[in-house]
Amino acid sequence: MAEHHDHDEPKGESLIDKISGKIHAHDSSSSDSDNEKFDTSGSIKSKIYRLFGRERPVHKVFGGGKPADIFLWRNKKVSGGVLGGATVAWILFELLEYHFLTLICHICMAALAVVFLWSNASFFINKSLPHIPQVHIPEEPVKEIATALRVEINRAIAVLREIASGRDLKSFLYAIAGLWVLSIVGTWFNFLTLLYIGVIFLFTVPVFYEKYDDKVDALAEKAIAEIKKQYVVFDEKVLSKIPRGPLKDKKIA
């Protein structure tokens, strides 16, 4: 009996070892499959095309502050007020042909007349004088705006200098084509109308793109691929035949 009992113990242990081995094998295989799924999803996400090489949300692209909230309609009252003010200004100056200096003078005349009459009438109707706040422009915001404008202007000058240096023919053609299109559009609209169209674009295109970015990116990827194909053909037939001098000076040995 003792010998029979001793023979049963290894069988029981081997059975338990087999069961535990299968469990560990299943866990490892499931974890491996989960890792593979994660890696696959990560690779798929990394391969998604984004317009203009965008890697951040649209809100972050616009700076992530109050201007981004206004352009993306996070605060609908402020966004509607800004767009409405731009629309009223465009109607006054463009449709009604109201001049800017005339409008400023009329507004100042009306404000001064109302405050002056109110101040004098307060003595007769026994009411307090109107409170006229002291308005002054702070120094720091003006410096920040001037610094930001200086940086952007210097960047634009550097880009134009790089294009004019003749090192990148593609950028040169893009710049010429863009300026040519802009000159044609300028014959259709004056500067104020172009500025208002730009405001309309700022308040409509970014919020539309943020909502349908996946579909827009897919269409843009196809369009850019087709443009690149056409550029390759144009390069082989036209650009490659244009004689060009050496881009860099030869090094003296």
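Helices, in what follows, are DSSP runs of H or I with at least four residues, strands are DSSP runs of E with at least two, and both are numbered from the N terminus. With that in hand, consider residues 99-118: this span is 95% helix and 0% strand, and its end C-alpha atoms lie 29 Å apart.

Please note that this is a predicted model, in which local features need pLDDT of at least 70 and side-chain atom pairs count only at pLDDT 80 or more, while totals for chains, interfaces and linings use all residues. Residues are numbered from 1 along each chain as its sequence is written, and side-chain values use heavy atoms, with hydrogens and water left out.

Over residues 78-93 the chain is 100% helix and 0% strand, with 22 Å between the end C-alpha atoms.

I turn now to helix packing. How far apart are the axes of helix α4 and helix α8? The axes of α4 (residues 76-95) and α8 (residues 191-211) are 10 Å apart, and the two helices pack at an angle of about 160 degrees. Axes here are lines fitted to C-alpha atoms, for helices over the stretch in contact, and angles run from 0 to 180 degrees between N-to-C directions. That angle makes α4 roughly antiparallel to α8 (over 145 degrees; under 35 is roughly parallel, 65 to 115 roughly perpendicular and the rest oblique).

Finally, helix α6 (residues 139-164) has 26 residues, which at 1.5 Å a residue should span 38 Å, and its end C-alpha atoms are 37 Å apart, which agrees. The expected span is 1.5 Å times one less than the number of residues. Just after α6, G166 takes a positive phi of about 85 degrees.
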